[in-house]
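Hello,

Please find the structure below.

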Amino acid sequence: MPEYKNTAGRSKNQNANKAFNTIRLALFWAFLIFVGYIVITNLNGNTAKPEERTLTEVLTYAKEEKLEKIEITGNELRVTAKDNTDLPKNIISRKDPSGTLQEQGFADVIEQGKVSVDIKEDTDILGTIMDIALIAIPSLLLVFFLFYMIRQAQNMNNQNMGFGKAKARLYGNEKKKVLFADVAGNEAAKQDLTEIVDFLKNPKKYEKLGAKIPRGVLLAGDPGTGKTLMARAVAGEAGVPFFSISGSEFAEMFVGVGASRVRDLFAKAKKNAPSIIFIDEIDAVAHKRDARGGAGREDEQTLNQILVEMDGFDNDTGVIVMAATNRVDMLDKALLRPGRFDRHVNVTLPERKDRVDILKVHFKNKPVADDVDLDALAAKTAGSSGADLANIANEAAISAARNNRKQVTNADVTEAFERVAIGPERKSKVMNDQERKITAYHEAGHAIVGHVLPDSDPVHKVTIIPRGRTGGVTWFLPPEDRSYKSVYELKDVLARAMGGRVAERMILGADGITTGASSDLQHVAELAREMVSKEGMGSKLRDQVFNTDEVNFFGDRAKIYSEKTSEIIDAEIEALSKEANVRAEAVLKANKKYLDELAAALLEKETLEEKEVAAILKGTSLPAAAKLHD
Ligand code: ADP
Ligand code: MG
Ligand code: ZN
C-alpha cells in the first residue's frame with residue numbers, strides 16, 4: 001500500500017533533515033561561543049598586551065615613581081605605568097603568596113605615596129570562568145551531540161520502524177469506523193469474515209464450547225481489491241482496536257528492530273484484547289526462505305518472531321492476526337501451517353454487479369448529473385479493481401471541478417475512465433500530418449479487424465488523440481464479464497492486435513512500418529506464449545502445460561521441460577503470431593475501401609464512438625482466409 005510506504009519514506013527524510021539541522025545548530029552555537037570568548041577576553045584585559053617583570057623590578061620602578069597604580073588580585077599584580085616613562089603601559093608580576101605586598105618591600109613606597117595599591121578582593125571570576133569554559137564547552141558539546149545522535153537514532157526506530165509506541169496505528173473508535181457496508185461486493189469474503197467478527201464480539205461463547213479459536217486470517221487477492229479496507233471493516237464491525245503495520249516497513253528497519261517491534265505490537269494487542277493485529281503486505285517479510293534473494297537474516301528474524309508470538313497464543317488470548325498479500329505463492333510455507341495463518345479469505349476482482357456497487361459507494365457523496373450511467377461504466381471496466389474504480393470516481397469529481405461544474409457529468413466520468421485506463425490526454429503533443437495519417441490507418445486497422453472477426457468483442461471507440469504513452473487507442477468492450485475464453489476468441493484478439501501493424505504495411509510498404517506497433521507486438525507475444533504454455537492451446541502441444549513458475553535454487557524461473565519441448569513451444573508461438581498476421585491482412589485487404597474511409601473519418605473527427613464506427617463499417621465482409629469456423 002502506497003499509503004504506508006509514503007509515510008515511512010517521508011518520516012525517514014524528516015529525520016535525516018532533523019539530524020542535519022541539529023548538527024548545524026550545534027556548530028553554530030559552538031562558533032558563537034568561541035567568538036564570544038575571544039571578544040570578552042580582549043575587552044576584559046587592557047588593549048595593550050602586558051609584559052611580565054619580576055617583583056624586584058616592579059619595586060625599582062615604584063621607587064623611581066614611574067608607576068601609577070598596582071592592582072593586586074590574589075598573588076597577581078597588574079601594574080600600570082605612568083605615561084611619560086620608558087616602561088610598557090601594562091606590566092604583570094606576582095608576589096610571594098606567603099605575605100602581603102608591604103611585607104615584601106613595598107611598605108615604604110606605599111607609605112610615601114609613590115604608587116597607589118588597590119587590592120581586589122575577588123579573584124578574576126570572568127577569566128576563571130572563561131578558563132573553565134574553554135575546556136568544558138567543547139566537552140559538553142561533544143557529550144550533548146552524542147546524546148542527541150543516540151536519541152535521534154532511537155526516534156528513527158520508533159517512527160520508521162513501524163509499531164513502536166510512536167507509530168502503532170490504532171484504528172479504534174477515534175478514527176472513522178469502516179464497516180462491511182463500506183466494502184461493496186466480495187460477499188463471499190465478507191461471509192467468511194463474519195465469523196471472525198462474531199468471535200471478537202463474544203469470545204466467551206466460543207471458549208465455553210471449547211471451540212478452537214482462529215488465530216490468523218490471510219486475505220489474499222490482487223492489489224486494490226480492498227484487502228486493507230476489509231481488515232479495517234472487521235475491526236469496525238467488531239468494535240475492537242486495530243493495530244496495523246505494513247510488511248514493507250520492516251524492510252527499512254535497523255538490524256534487530258523488526259523482531260522487537262513485533263514483540264511490542266503483540267504485547268500491545270494482547271493488553272487491548274480482544275483486538276486485531278493487521279500485517280499488510282506480509283509477503284515483504286515472509287517470502288520463501290529457501291530461494292536465493294529470499295528473506296535476509298533480518299526478515300527471517302522478523303518472520304520468526306511473528307510465528308513465535310502466534311504460537312504463544314492461548315485459546316483465550318483474544319487477538320486475531322490478519323494479514324494481506326497479493327502473492328500467496330511467495331509466502332513461506334511455515335506461515336500457512338495450522339495454528340498460524342490457516343484461514344484463507346480470497347478477495348477477488350469485482351464482477352460487473354459488484355463494480356456497480358463499488359461505484360455507488362464512491363459516488364455516494366458526489367453530486368451526480370442525470371446523464372451519468374454507472375451501469376455503463378461498470379460494463380466497460382471489466383478487470384478493474386475497487387481501487388481503480390475509486391480512482392475513477394475521484395478523477396471524475398476532479399474533472400467536474402476543473403470545468404467549474406456543480407455536478408459530475410457523463411463527460412467527466414468518461415474522461416476519468418480513459419485517464420485512469422491509459423493516462424491523461426495529451427492534446428499538446430503535436431503530431432505532424434504524416435504521423436496523424438499513420439496513426440489513423442493503424443487504429444482503423446485494429447478497429448476493422450476487430451469488427452469483422454466474429455469472435456472479437458465489438459469496437460467501442462477509436463481515437464487518434466494521444467493519451468498516456470499511446471499515439472491513439474482502439475477500445476473493444478466485452479459485452480459482459482466472462483471468466484473463460486475460447487481459442488477462437490483469443491486468436492481474434494491476436495489478429496486484431498496485429499491489425500495496426502498490417503494496416504501500416506499496406507499503406508507504407510514493408511519497410512515503411514513504424515515503431516508505433518511495439519506494444520501491440522508485445523501483447524501478441526505474451527498472449528501467444530500464455531496460450532501455448534499455460535492454457536494448453538498450442539496445435540501440437542494441445543492440452544499440455546509447461547510451467548515456468550517454479551523458482552529454482554538460484555532464484556531463476558526453472559524450465560521444467562526439455563530443450564526439444566522448448567523449441568516446439570517457440571514454433572507454436574511463431575505459428576500463432578503468423579496466423580494472426582495473415583488473418584489481419586486478409587480482413588484488411590478484403591475491406592480496403594473501409595480502411596480508407598475509417599482512416600479519413602478519424603483524421604477529420606479524431607474520435608469515433610461505437611455507433612459511428614458501426615455505421616462506417618456497415619457492409620464489411622469476412623474473407624475465407626480469415627475464417628476459423630462456420
Ligand atoms: P488492497 O489492500 O487490496 O490493495 P485497499 O483496501 O487498500 O486494497 O483498497 C484501496 C481503496 O480502493 C480503498 O480505500 C477503497 O477506496 C477502494 N476499494 C477497494 N475495494 C473496494 C470495495 N470492495 N468497495 C469499496 N471500495 C473499495
Ligand atoms: Mg492494502
Ligand atoms: Zn496499435
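The buried residues of helix 14 are Gly386, Leu389, Ile392, Ala393, Glu395, Ala396, Ser399 and Ala400. Please keep in mind that this is a predicted model.

An α-helix has 3.6 residues a turn, so residues three or four places apart point the same way. The cover over the buried residues of helix 14 includes helix 12 (352-363), helix 13 (374-379) and helix 15 (410-422). Helix 14 itself runs over residues 386-402, which makes 17 residues. From first C-alpha to last, helix 14 reaches 24 Å, close to the 24 Å expected at 1.5 Å a residue. Asparagine 404 follows helix 14 and has a positive phi, near 55 degrees.

Helix 7 (residues 227-238) is mostly covered, with 10 of its 12 residues buried. Among them are Lys227, Met230, Arg232 and Val234. What span should helix 7 have at 1.5 Å a residue? Its 12 residues should span 16 Å, and the end C-alpha atoms are 17 Å apart, which agrees. Just after helix 7 comes glycine 239, where phi is positive at about 65 degrees.

The structure also holds three cavities of 30 Å³ or more. The second largest cavity has a volume of about 50 Å³. Its lining includes Phe199, Ile213, Pro214, Arg215, Phe313 and Asp314. Asn315, Thr317, Gly318 and Val319 also line the second largest cavity. By class, that lining has five nonpolar, three polar and two charged residues.

Regards

Definitions and conventions: Residues are numbered from 1 along each chain as its sequence is written. Chains are lettered from A and ligands numbered from 1 in the order in which they are written. This is a predicted model: local features need pLDDT of at least 70, side-chain atom pairs count only at pLDDT 80 or more; totals for chains, interfaces and linings use all residues. Side-chain values use heavy atoms; hydrogens and water are left out. Helices (H or I, at least four residues) and strands (E, at least two) are DSSP runs, numbered from the N terminus. The expected span of a helix is 1.5 Å times one less than its number of residues. Buried means under 20% relative accessible area, exposed over 50%, partly exposed in between (1.4 Å probe, protein chains only). Contact means heavy atoms within 4.5 Å. On a 1 Å grid over the protein atoms alone, a cavity is a set of points where a 1.4 Å probe fits but cannot get out, and a pocket is an open set with protein on both sides within 12 Å along at least five of seven lines; lining residues have an atom within 4 Å of a point. Grid points are joined across faces, edges and corners, and a volume is the space filled by probe spheres set on the points. Ala, Val, Leu, Ile, Met, Phe, Trp, Tyr, Cys and Pro count as nonpolar, Asp, Glu, Lys and Arg as charged, and the others, Gly among them, as polar.
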